[in-house]
Amino acid sequence: MTFRGFIAVDIPPSPSLEGFAEQLRSASASLKVVSTDQLHLTVKFLGDTEEGLVPEIATAIQETCADVRRFPITVRGTGAFPSLTRMNVVWVGVEGAEPIGGIAADLDVSLESLGFEAERRPWKAHVTLARVKGHRDLDRVRSILETRRDEIFGSHRVDRIHLKKSVLTPGGAQYSVVATAVFGNPTGP
């Protein structure tokens, strides 16, 4: 059996993030806003993942994170990919995530032997808050993003990373944790 897999760091919801998400929901019917209890910083997207590979993936994650110490991040700023004029994804930025970028690069190397392709694009710290499902009525969204482009949405300490499963449903993707590696802990949680 396979599942749609990815490796991520959870971003806890905050009142300001929830308010921003609600503002986006009411700004345009063209947006599919992610539930704030599902927010995460994707470290590596795996795609179709054989369940039989989970122990090896979990080991690779644990080995990569064994010497990483917990660190603070700040969720700050807004934007869109590829640009505000041609939005496909609305995101909030993450400051202080350089250690996660290092983890992503190391996982690219260690997971290649399991059949997962290395990323072609450079890793960029961001949390997807909404996907654009239509391209009408986006002027209000652009205005909101401009207004909140430097806003701080919260800070917290990162101390673990997860292998997650994504199940696509009519209401949006639902994520569940398959395995967890705690930073600085070579044997797991």
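## Terms and model

Two strands are said to pair if DSSP finds at least two bridges between them. Strands are DSSP runs of E with at least two residues, numbered from the N terminus.

This is a predicted model, in which local features need pLDDT of at least 70, side-chain atom pairs count only at pLDDT 80 or more, and totals for chains, interfaces and linings use all residues. Residues are numbered from 1 along each chain as its sequence is written, and side-chain values use heavy atoms, with hydrogens and water left out.

## The five-stranded sheet

An open sheet is built from five strands in the order β2-β6-β5-β4-β7, with antiparallel pairing. Its edges are β2 (31–33) and β7 (152–158); each has a single partner strand, so one side of each is left without a neighbour in the sheet. On average, neighbouring strands of this sheet are turned by 30 degrees against each other, direction ignored; the axes behind this angle are lines fitted to C-alpha atoms, and angles in general run from 0 to 180 degrees between N-to-C directions.

Strand β8 (residues 160–169) pairs with strand β1 (residues 2–10) in the antiparallel sense over five bridges. Here the bridge partner of A8 is H162 in β8.

Strand β8 also pairs with strand β9 (residues 172–182), again in the antiparallel sense, over ten bridges. K165 stands opposite S176 of β9. Two residues lie between β8 and β9, which form a hairpin.

Technical notes. Helices (H or I, at least four residues) and strands (E, at least two) are DSSP runs, numbered from the N terminus.
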